[in-house]
Amino acid sequence: MEPILTINNLTKKFGYLTAVKDLSFTINKGNVYGILGPNGSGKSTTLGIVLNVVNKTEGDFKWFDGNTSNHDALKKVGAIIESPNFYPYMSAYQNLKLVCRIKGVNYSKIDEKLSIVGLVDRKDSKFRTYSLGMKQRLAIASALLNDPEILILDEPTNGLDPQGIHQIREIIKEIAQQGTTILLASHLLDEVEKVCTHVVVLRKGVKLYSGRVDEMTSSFGFFELKCNTPDALISLLENHKSFGKIKQYDNLITAFLTEPMKSEDFNKLLFDNGIILTHLVQRKESLEEQFLQLTDNN
């Protein structure tokens, strides 16, 4: 796995407040990483440090193989960490021409990047006529002009309506499919679950988890159950090695698995013990349920 960004024991303090505490993780080429956490968890601070916008207090980070200076490394990075900032009286095309001059990029890249974000037909419209979603898409096009190896996005769908959110997420997926590594910060579980392959979960600047989204916990899912003898069912579940936490709400019993089990095998087990189910559904835990388990335990 080729590393794009390696963070080692990074800490940032603002006076008495520790915004990021002893944070370590590695971003490898070709994946979509999400830094997930509520507001104030240290997501934006972490991005600011690696982009040389915020000074670190302790720890270190390195881009690529570590032999490239931060200045040269950032030439291979595209980033949007603030609200899109373009000249309102100029067209999208004119704004991107300015960005090309600053980055030393050929103007031929403009239409290519506008096509990716679906704005070719509005390239001659003034920026002030753009909706919030269009402004965000133009910012993504701008960040892509230098063909970056990694694209960094801070809360890319913040403030957008459902259609705008969907468009941004589809664009992120398309960019990733073309081989660009992506790092996005988000407080939205749904966003990370739908877009990211890997996730770093932060709370109050501390890492709770780092790894693949689909391996966020060692969860084997759970059964939702109903029967006419709930006490007998709960007793059996509590004394069976395949089950951990058991929850009961009204007449619905939820049994969390600690190892794999097929629903037909489970149903037979209960039948053999004289328990007849009136309802049986097997489910995989959502990222939200896994996230809540992580944060409940810390």
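Let me begin with a definition: a residue is called buried when its relative accessible area is under 20%, exposed when that area is over 50%, and partly exposed in between, computed with a 1.4 Å probe on protein chains only. The structure before you is a predicted model, in which local features need a pLDDT of at least 70 and side-chain atom pairs count only at pLDDT 80 or more, while totals for chains, interfaces and linings use all residues. Residues are numbered from 1 along each chain as its sequence is written, and side-chain values use heavy atoms, with hydrogens and water left out.

I turn to the chain as a whole. Of its 298 residues, 46% count as buried. The C-alpha trace spans about 75 × 45 × 35 Å along its principal axes. A contact, in this talk, means heavy atoms within 4.5 Å. Among contacts between residues at least 6 apart in sequence, 66% join residues at least 24 apart.

Strand β1, residues 3-14, contains P3. P3 is partly exposed, at a relative accessible area of 30%. Leaving aside residues up to four places away in sequence, P3 touches T26, I27, N28 and F64. Between P3 and I27 there are 24 residues in sequence, yet 5.9 Å in space, C-alpha to C-alpha.

Next comes helix α1, residues 43-50, which is mostly covered, with seven of its eight residues buried. The buried residues of α1 are K43, T45, T46, L47, G48, I49 and V50. Just after α1, N52 takes a positive phi of about 60 degrees.

Axes here are lines fitted to C-alpha atoms, for helices over the stretch in contact, and angles run from 0 to 180 degrees between N-to-C directions. Angles under 35 degrees count as roughly parallel, over 145 as roughly antiparallel, 65 to 115 as roughly perpendicular, and the rest as oblique.

Helix α3 (residues 92-103) packs with α4 at an angle of about 120 degrees, their axes being 10 Å apart. The two helices are therefore oblique to each other. Their contact is formed by Y93, L96, K97 and C100 of α3 with I110, D111 and L114 of α4. By type, these residues divide into five nonpolar, no polar and two charged. Nonpolar here covers Ala, Val, Leu, Ile, Met, Phe, Trp, Tyr, Cys and Pro; Asp, Glu, Lys and Arg are charged, and the others, Gly among them, are polar.

Helix α4 (residues 109-116) also packs with helix α5 (residues 132-144), at about 135 degrees and with axes 9 Å apart. That angle makes α4 oblique to α5. On the α4 side the contact involves K113, L114 and I116, and on the α5 side L138, A141 and L144. Five of these residues are nonpolar, none is polar and one is charged.

How values were computed:
Helices (H or I, at least four residues) and strands (E, at least two) are DSSP runs, numbered from the N terminus.
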